[in-house]
Amino acid sequence: MKKELLVWMVMGALFLVHYDTYAQEEQESADVYLEEYTDEFQENFFEALKQKGIQNYDRAVDLFLKCKQLEPDNSVVDYELAKAYLLDKKYVQAQEYAIEALLSEPTDYWYLDNLLTILEKQGSPVETIKQKIPYENKKLQQNMAVSLFKMKKYG
């Protein structure tokens, strides 16, 4: 009886050691892949933020565009592209990316506020973009009211 129990314990231990080694190898290979992918994005993204901070807007835009290629659906990249283009006084491109960011996250206050700032810099009324954004969204309408109020646009 003791021999049988000992055999089962040894077999179970061998199985667990083998399974643990396999799972660890799998985890390590996934980490390496993820690390390579996100490092490139992160390096470009943070370098772009740095370049924007030192007013090197062309370089910042180039780096944000690289980030856009790596993660095409990342709304934060669209938002930052819009801000960089705005600071570089390239309002048409800024508006495009601001709308794209807002379409991904229609309830985000800062995405809408950025778009409204771009429109204000161009002297364009909100009506010019109403058909391009999900204007029927109630949260977007609330955010727009707050943002316009803060901009002292009461009309």
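A residue counts as exposed when its relative accessible area is over 50%, and as buried when that area is under 20%. The legends below refer to a predicted model.

**View 1. K89 in the loop between α3 and α4.** K89 is found in the loop that joins α3 (75-87) to α4. Its relative accessibility is 61%, so K89 counts as exposed. The phi angle of K89 is near 60 degrees, which is a positive value in a residue other than glycine. Most residues other than glycine have a negative phi.

**View 2. Q55 in the loop between α1 and α2.** The loop between α1 (2-53) and α2 holds Q55. Here phi is near 65 degrees, again positive in a residue that is not glycine. Q55 has 59% relative accessibility and therefore counts as exposed.

**View 3. Helix α2, residues 57-70.** Helix α2 has 14 residues, which at 1.5 Å a residue should span 20 Å. The end C-alpha atoms of α2 are 20 Å apart, in agreement with that expectation. The buried residues of the helix are Y57, A60, V61, L63, F64, C67, K68 and L70.

**View 4. Packing of α4 against α5.** Helix α4 covers residues 91-104 and helix α5 covers residues 109-122. They pack at an angle of about 155 degrees, and their axes are 9 Å apart. Because angles over 145 degrees count as roughly antiparallel, α4 is roughly antiparallel to α5. The crossing of the two helices is left-handed.

**View 5. Residues in the contact of α4 with α5.** On the α4 side, the contact is made by Y91, A94, Q95, A98, I99, A101 and L102. On the α5 side, the residues are Y111, L112, N114, L115, I118, L119, K121 and Q122. Sorted by class, the contact has 11 nonpolar, three polar and one charged residues.

**View 6. The whole chain, for orientation.** The chain has six helices and zero strands, and its elements run α-α-α-α-α-α from the N terminus on. Of its 155 residues, 33% count as buried. Among contacts between residues at least 6 apart in sequence, 56% join residues at least 24 apart.

Note on methods. Residues numbered from 1 in each chain as written. Predicted model: local features only at pLDDT ≥ 70, side-chain atom pairs only at ≥ 80, totals over all residues. Heavy atoms only, no water. Axes fitted to C-alpha atoms, helices over the stretch in contact; angles between N-to-C directions. Helix = DSSP H or I, 4+ residues; strand = E, 2+ residues; numbered from the N terminus. Parallel < 35°, antiparallel > 145°, perpendicular 65-115°, else oblique. Left-handed = near helix turned anticlockwise from the far one by under 90°. Contact = heavy atoms within 4.5 Å. Nonpolar A, V, L, I, M, F, W, Y, C, P; charged D, E, K, R; others polar. Expected span 1.5 Å × (residues − 1). Buried < 20%, exposed > 50% of the residue type's maximum accessible area, 1.4 Å probe, protein only.
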